[in-house]
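Subject: Structure for your files

Hello,

Here is the structure we talked about, with the sequence. My notes come after it.

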Amino acid sequence: MPAAPDFPPAPDRVPVKRALLSVSDKTGLIETAKALAELGVELVSTGGTKAAIAGAGLAVKDVSDLTGFPEMMDGRVKTLHPIVHGGLLGVRDARSHADAMAEHGIGGIDLLYVNLYPFEATVAAGGNFETCVENIDIGGPAMIRSAAKNHGYVAVCTEPSDMAEVVGALKADGATSLELRRKLAARAYARTAAYDAAISGWFAGQIGEEYPARKSISGSLRQTMRYGENPHQSAAFYTFHTPRPGVATARQLQGKELSYNNIADTDAAYELVAEFAEPACAIIKHANPCGVAMGADLKAAYARALECDPVSAFGGIVAVNRPLDAASAEEIVKIFTEVVIAPGADEDAIAVFAGKKNLRLLLTDALPDPMAQGEVFRSVAGGFLVQSRDRSRITLADLKIVTKRQPTEAEVRDMLFAFTVAKHVKSNAIVFAKNGQTAGIGAGQMNRRDSARIAAIRAAEAAETAGYPESLAKGSACASEAFFPFADGLLQAAEAGATAIIQPGGSIRDDEVIKAADDAGVTMAFTGVRVFRH
């Protein structure tokens, strides 16, 4: 481990006499360069950045004028030179550094502004292997790291917002402060870390290494929050560079700031409702659905979802998979709702929601693709778990009917709908459904029989609230997201009124469960796929 040299303390105020600018994204470049020139800062630049600055009529030196070497190898080598890195790394007040700079004609660089080759954007645009590799920046990260290490004397910027802070400080005080330079250095290292994480993740994918020896993830701060799951916990929301459509990409049109729990619940709701091709609505409470339904339109879908559990729906999250219209909005605002998320909304719907100032309205312009590849993460003490996204989708062809009685077409549709919903219910999960509508949901219990009991209770209570003569579970299909280890859960579902059962199968007591189904006169399908959600 290198020992820290006995350097003099870094000064608080450092005037900026020379700035090196080398940017891929030239947004705001000319305005920044003009501001620096007006402050008497000498500008040094490279390639296209230099051409743009010179084209604006500003005096600018080429970096090759400093190094004495031309840009070469298709631009791969231009700033990797002791004159550049010495100017960034030299500790001005250390005698040995000052002597070396004087001996070798190295001038200090007080400000570095670099944004990197657009590697992430190139990957997102579907660039081929060679194009992506060519968009891996080498000189940029090297300069950023040099400048950030020597932040006692150098201000390093990687974003236009960083430059705005520096220009503001120079205009106000003629110098950058040590506090500002440290903040900029921290941001700079975060940027190069995210860049390297993107490259390493992409490269692992290219060589088919699903779980490399080292795995890095990075995100950009979207918002800080008043608190996390509870008021004594701090929290923040970060988004990936190319986020999956949903709460991370949503525009919030109105309402209070989203909370930690709002975001978690909204994500669960939107992922669920995206599973369906027909107009659909999901109402979520504490990350579990309390009602899901399809309908001829969103108004009908919402009404049917609400019917399943109107008590739990109060203060819940509503997600729909079609743009909202006024008719659906007018139904939704009839009860207190925390968040509504949709791929869009017309002006009439927006006007309806505007009357509920505390309701958070999120529009995403797109739905997440349930079949898209991706990863999900969960932290544990000392590390994190990572797994592939659950992209399972059960169809008629996947069903194995294991009972004597064959299902009707309606029962098959209900079984597939119920199993799709169960994929998004915390285990142990039991879902009753009929005619594209959940009838009762039991979630998160320590045994499957209790989940079945809760789902039956919900179905009976919902029917009573709606004034129906019998439970919503009568004639329904019942989905279990994992196998029935004993017959008791199945018998509970049959007692509630289910006539069809769908489950993965695979228990050592499958024969016992199948016999119980036959004895109860219900039909049962095995999927061979478990959709457990812990």
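This is a predicted model: local features need pLDDT of at least 70, side-chain atom pairs count only at pLDDT 80 or more; totals for chains, interfaces and linings use all residues.

Residues are numbered from 1 along each chain as its sequence is written, and side-chain values use heavy atoms, with hydrogens and water left out.

There is an open sheet of five strands with parallel pairing, in the order 3-2-1-4-5. Strand 3 (61–62) and strand 5 (155–157) are at the edges with a single partner strand each, so one side of each has no neighbour in the sheet. Strands are DSSP runs (E, at least two residues) and helices likewise (H or I, at least four), numbered from the N terminus; two strands pair if DSSP finds at least two bridges between them. Strands 1 (18–23) and 4 (111–115) pair over five bridges, with Ser22 opposite Val114.

The whole structure has 21 salt bridges (a side-chain nitrogen of Lys or Arg within 4 Å of a carboxyl oxygen of Asp or Glu). One joins Arg18 and Glu42, with the closest N and O atoms 3.0 Å apart; Arg18 is in strand 1 and Glu42 in strand 2, 24 residues apart. Arg18, Glu42 and Lys61 are linked in a network of salt bridges.

Arg187 and Glu165 form another, at 2.6 Å from N to O. Arg187 is in helix 10 and Glu165 in helix 9, so the pair ties together parts 22 residues apart in sequence.

Regards
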